[in-house]
Amino acid sequence: MSPTQFENLLCLVTPFITKQMVIREPISAAERLSLTLRFLASGDSMSSMSYQYLIGLTTISNIIEETCNAIWICLQKKVLPSSLTETEWLNIAHEFEEKWNFHHCVGAIDGKHVLIQCPNNAGSSYFNYKNSHSIVLLAICNANYMFTFVDIGGYGRRSDGGIFKDSIIGQKFTKKEMNLPEWEPLTVNGPPLPYVLVGDEAFQLTEYLLRPYPGRTGLTEDRTIYNYRLIVSRARWTIENTFGIVVSQWRILKRPIICTVDKAMKIVQAIVCLHNWIRHQDLEENQYVTPTMIDQDGPDEFLPGSWRQEIINSAFKDVTQCGTNNSSRQAAKIREEFCKFFNTEGVIPWQFTHHNY
């Protein structure tokens with residue numbers, strides 16, 4: 001974070017973290033923010049931060065929780081609005097088409113386990129199938145590696161698809177309350193098709209969400225190419241890269257978060273907002289997200305981003321429980337139309353050599 005970005009953020013959060021003097025002079029807002037950002041970015045423990053700043057451990061813990069909450073309050077409406085207009089959806093779709101060769105895409109969706117310490121009296125709610133405790137960060141991102149919607153704090157034992165279906169945002173998609181653009185054809189005289197999210201096997205195929213064809217063997221070449229365009233390096237991998245960037249830049253996520261569930265949720269909320277806030281200002285300069293950090297795919301070869309090494313032993317773990325294969329005939333027909341398009345008018349030359357991922 002640059003000095004200018006720090007000053008701008010400090011102006012926003014100061015009213016929320018400034019303390020009145022009672023007996024001794026309170027810790028300043030600038031020091032509170034600096035301490036919290038260092039904690040999130042360095043991955044140091046609270047005990048280590050206590051020694052570095054010569055502040056009591058309990059005070060450190062309270063400062064981090066209060067400041068993370070202030071960051072969420074100040075930035076959430078600016079960088080993570082609760083709804084988008086039809087024009088904003090169309091802008092996102094245009095960027096996915098221009099950058100990732102995927103038409104009518106308005107976001108990539110996925111979830112990650114965020115490992116935490118075992119909560120007190122939590123039973124099995126946060127105990128996941130990988131024999132660890134976690135909350136789930138479910139997110140939708142745009143073509144520029146920025147979050148558009150998030151659901152933070154889902155029980156670790158649940159699947160991505162289940163969390164999305166029951167979330168407020170998932171219910172709004174189901175009820176068609178998201179201001180999505182009207183269906184439009186992809187080709188001249190083609191059938192009208194919806195604007196969609198793209199996800200993996202954890203999500204159910206619906207009219208507004210495309211998932212790959214199941215299996216990697218026994219698929220026709222057309223369906224294999226569709227899966228490549230959906231999964232590998234094209235549209236859906238924007239969310240994988242977004243998660244990778246977050247782990248690379250906010251190293252508190254390099255290990256399980258050792259604190260209460262409520263405090264862990266506030267830490268993740270703050271990181272999501274900070275990521276979007278810095279990324280929005282960094283779109284042209286590429287200092288926060290360097291070219292080598294993210295996956296590079298094109299006609300010649302695929303180059304994995306450096307984040308793939310960062311995330312191996314991090315607090316982020318894949319949610320691989322698959323969702324139901326049940327889908328409506330209409331949803332299946334929509335997927336077939338997208339498959340047909342990617343193998344005809346929507347073809348990209350290198351899909352025929354790279355599709356065996």
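1. A residue counts as buried when its relative accessible area is under 20%, as exposed when over 50%, and as partly exposed in between (1.4 Å probe, protein chains only). Helices (H or I, at least four residues) and strands (E, at least two) are DSSP runs, numbered from the N terminus.

2. A word on the model: it is predicted, so local features need pLDDT of at least 70 and side-chain atom pairs pLDDT 80 or more, while totals for chains, interfaces and linings use all residues. Residues are numbered from 1 along each chain as its sequence is written, and side-chain values use heavy atoms, with hydrogens and water left out.

3. Staying with helix H1 (residues 3-17), you will find a kink of about 40° at Cys11, shortly before the proline Pro15; the bend is the angle between axes fitted to the seven residues ending at a residue and the seven starting there.

4. Now the aromatic rings. Rings of Phe, Tyr and Trp (its six-membered ring) pair if their centres lie within 6.5 Å; planes under 30 degrees apart are stacked, over 60 edge-to-face, and the rest tilted. The count comes to 13 aromatic pairs. Trp89 and Phe149 are stacked, 5.9 Å centre to centre with 25° between the planes. Because Trp89 lies in helix H5 (residues 86-100) and Phe149 in strand E3 (residues 147-155), this pair ties together parts 60 residues apart in sequence. Trp89 and Phe149 are both buried.
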